[in-house]
Amino acid sequence: MSVKSTISITEGRGAMTLEHTELSSLVSAADLAELDSLAAAVSDGMDRIKELHPAYSWKWTDEIVCRGCGDSLEIPVLRSTTPVADRVFADHQQFHLQYMLNDNDQYGGE
Ligand SMILES: [Zn+2]
């Protein structure tokens, strides 16, 4: 399927945008239905991610720990501010969201 999709997290909510040119000529109705279900999966998946990776704790000035899975996440040296930590943690959630969407069995699927 020649449609490029990006998944982003804005203020803790999952969102998906599709970049395309002349979508209707490139994608069949079946593919469009698949995109709709993928968008729904992203939304449902984000709810699951927020259960599994709900928040982080500061462990040190350059390290935070996910309270859900216990992963240590590095904060860039001299940039140990809350906005930076929020961004690093959002990346962590997004990584797991991508992983879950790519391999549903790992997370139990539907
Ligand atoms: Zn986590």
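**Exercise 1.** Work out which hand the crossing of helix 2 and helix 3 has.

*Solution.* Start with the rule: a crossing is left-handed if the near helix is turned anticlockwise from the far one by less than a right angle, and right-handed if clockwise. For helix 2 and helix 3, the crossing comes out right-handed. Before going on, note that this is a predicted model, where local features need pLDDT of at least 70, side-chain atom pairs count only at pLDDT 80 or more, and totals for chains, interfaces and linings use all residues. Residues are numbered from 1 along each chain as its sequence is written. Helices (H or I, at least four residues) and strands (E, at least two) are DSSP runs, numbered from the N terminus.

**Exercise 2.** Describe how helix 2 and helix 3 pack, using angle and distance.

*Solution.* Axes are lines fitted to C-alpha atoms, for helices over the stretch in contact, and angles run from 0 to 180 degrees between N-to-C directions. Here the angle is about 125 degrees and the axes are 9 Å apart. That makes helix 2 oblique to helix 3, since angles under 35 degrees count as roughly parallel, over 145 as roughly antiparallel, 65 to 115 as roughly perpendicular and the rest as oblique. Now look at who meets whom (C-beta atoms, placed from the backbone, within 7 Å). On the helix 2 side you'll find, among them, Ala41, Gly45 and Leu52, and on the helix 3 side, residues including Gln93 and His96.

**Exercise 3.** Find the residues of the largest nonpolar core.

*Solution.* Next, a nonpolar core is a set of buried Ala, Val, Leu, Ile, Met, Phe, Trp, Tyr and Cys residues joined through C-beta atoms within 7 Å. The largest one has five residues: Val42, Met46, Ile49, Leu97 and Met100. Helix 2 and helix 3 each give two or more of them, and helix 2 supplies the largest share, three residues.

**Exercise 4.** Decide whether Ser72 and Leu78 are buried or exposed.

*Solution.* Take Ser72, in strand 5: with 11 C-beta neighbours inside 10 Å, Ser72 is exposed. Ser72 still touches Lys59, Glu63 and Val65, leaving aside residues up to four places away in sequence. Then try Leu78, in the loop between strand 5 (72-74) and helix 3 (82-102). Leu78 has 9 other C-beta atoms within 10 Å, so Leu78 is exposed too.

Technical notes: Buried ≥ 20, exposed ≤ 12 C-beta atoms within 10 Å, placed from the backbone. Contact = placed C-beta atoms within 7 Å.
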